[in-house]
Amino acid sequence: MRAAVYHGPGDVRITEVPVPSPGPGEVLVKVLAAGICGSDAAEFARPRLIRTAPDGTPDVVVLGHEFAGQVAAVGDGVPGDLAGQLVACGAGVSCGTCTQCARGRTNLCRSYHTLGFHRDGGLAGYVTAPAAICVPVGDSGLGADTAALAQPMAIAVHARSRGRVHPGQNVLIVGAGGIGAFLTYACAAAGARVWVADIADDRLALARALGADQVISSRATSPAAALADAGLEAETIFEVSGTAAGLEAALQAAHPGAVLVAVGIQEAARPARLADWTLREYDVLGTVAHVCATDLPAALDLLAASPAAWNTVAPDVLPLADLVTGGLEPLGAGRPGRVKTLFDPSATQPRPARHQVH
């Protein structure tokens, strides 16, 4: 089968590799659509999640943690009726027995690892995955192209849960690319009044289409000023950009009692006035990955509710041969051309994405 194999920074090769066999508790998935995100582009630049040897040599691994496909075979202990079903994969693997898993927080498992970074992933013709993290698309009627968006939508669902979003509240989302777009839709679907800030007009237009009540061009005004002009306070603020400017904008917009959810990863050290956080009683929360058992099914339901919305998010599907030049490189350079880039491992030419419900 053809697979996108990571060999190191700037070195991803589309090569022929053997089709894997499912082990006990696993399924073999024929991949029909797979996406990439900023984490893939970051690994392409420099390994952060992919393990490296003491001499700095990274593992050789097949990329791809956002994918959907048809179950082609099942391993021992997996119900046979799963064969032939279309599934979306959550990609994150947990042990099920540690303290965090026992609490239902499988995303914080002591041995948590991810397909596409720590073991072979779904940017390939076939992939093996634990059956427990493969959710049948079933009655949702979604096709593979839309189901391949379930993993990033699950990230947004989990962030929404962390932020305790509820109907009627004012939510501010700083950063509308990638997860920010999915989070906009998820919060609007929960009945919140959603304000979205970004520097890119096309992202703001997409946020509007995905349910944002108001959008703010951060080049023209600050989110704090825009909300103040409207006489509103954001109860929950999501910082999604991962930038210093985005974090500063989120903090400026925070009133006493606000919930601040750090979705984007702030890699650089930043000074902070913790006294303000204490005296204003901010709830400052992190969010990472998703809880497969609850967030992934909820993500599929959200995707099925408005299938036409995803034509703008992921309008086309590229062949695997275009992964580097059409996906990883432009995404890493901040010029992806689309919110979500999908790939079909069996395709030889680009094709329009199919997001209708069957």
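Strand β3, residues 26–36, pairs with β18 in the antiparallel sense, over three bridges. Within this pairing, Gly35 stands opposite Leu342 in β18. The model is a predicted one.

β18 also pairs with strand β17, residues 316–319, here in the parallel sense and again over three bridges. Val317 stands opposite Leu342 in β18. To get from β17 to β18 the chain passes through helix α12 (residues 323–332), and this β-α-β crossover is right-handed. Are the residues of β18 buried or exposed on its faces? Strand β18 spans residues 341–344 and is covered on both faces: Thr341 and Phe343 on one side are buried, as are Leu342 and Asp344 on the other.

Strands of a sheet pair through backbone hydrogen bonds, and the pairing can be parallel or antiparallel. An open sheet of six strands shows the parallel kind, with the order β13-β12-β11-β14-β15-β16. β13 (214–217) and β16 (283–286) are the edge strands; each has a single partner strand, so one side of each has no neighbour in the sheet. From one strand to the next, the twist averages 20°.

Inside that order, β14 (residues 234–239) and β15 (residues 254–262) pair in the parallel sense over five bridges. Glu239 stands opposite Ala262 in β15. β14 is also one of the strands that helix α5 (residues 179–189) lies across, together with β11 (170–174) and β12 (193–198). The helix runs at about 175° to β11.

The remaining topic is a helix pair. At what angle do α4 and α10 pack? Helix α4, residues 150–162, packs against helix α10, residues 292–305, at about 110°, and their axes are 8 Å apart. Angles of 65 to 115 degrees count as roughly perpendicular, which is why α4 is described as roughly perpendicular to α10.

On the α4 side, the contact is made by Ala150, Gln151, Met153, Ala154, Val157, His158 and Arg160. α10 contributes Asp295, Leu296, Ala298, Ala299, Leu300, Leu302 and Leu303. Sorted by class, the contact between α4 and α10 has ten nonpolar residues, two polar and two charged.

Terms used:
Residues numbered from 1 in each chain as written. Predicted model: local features only at pLDDT ≥ 70, side-chain atom pairs only at ≥ 80, totals over all residues. Heavy atoms only, no water. Pairing = 2+ DSSP bridges. Helix = DSSP H or I, 4+ residues; strand = E, 2+ residues; numbered from the N terminus. Axes fitted to C-alpha atoms, helices over the stretch in contact; angles between N-to-C directions. Contact = heavy atoms within 4.5 Å. Buried < 20%, exposed > 50% of the residue type's maximum accessible area, 1.4 Å probe, protein only. Right-handed = clockwise from strand over helix to strand, strands pointing away. Parallel < 35°, antiparallel > 145°, perpendicular 65-115°, else oblique. Nonpolar A, V, L, I, M, F, W, Y, C, P; charged D, E, K, R; others polar.
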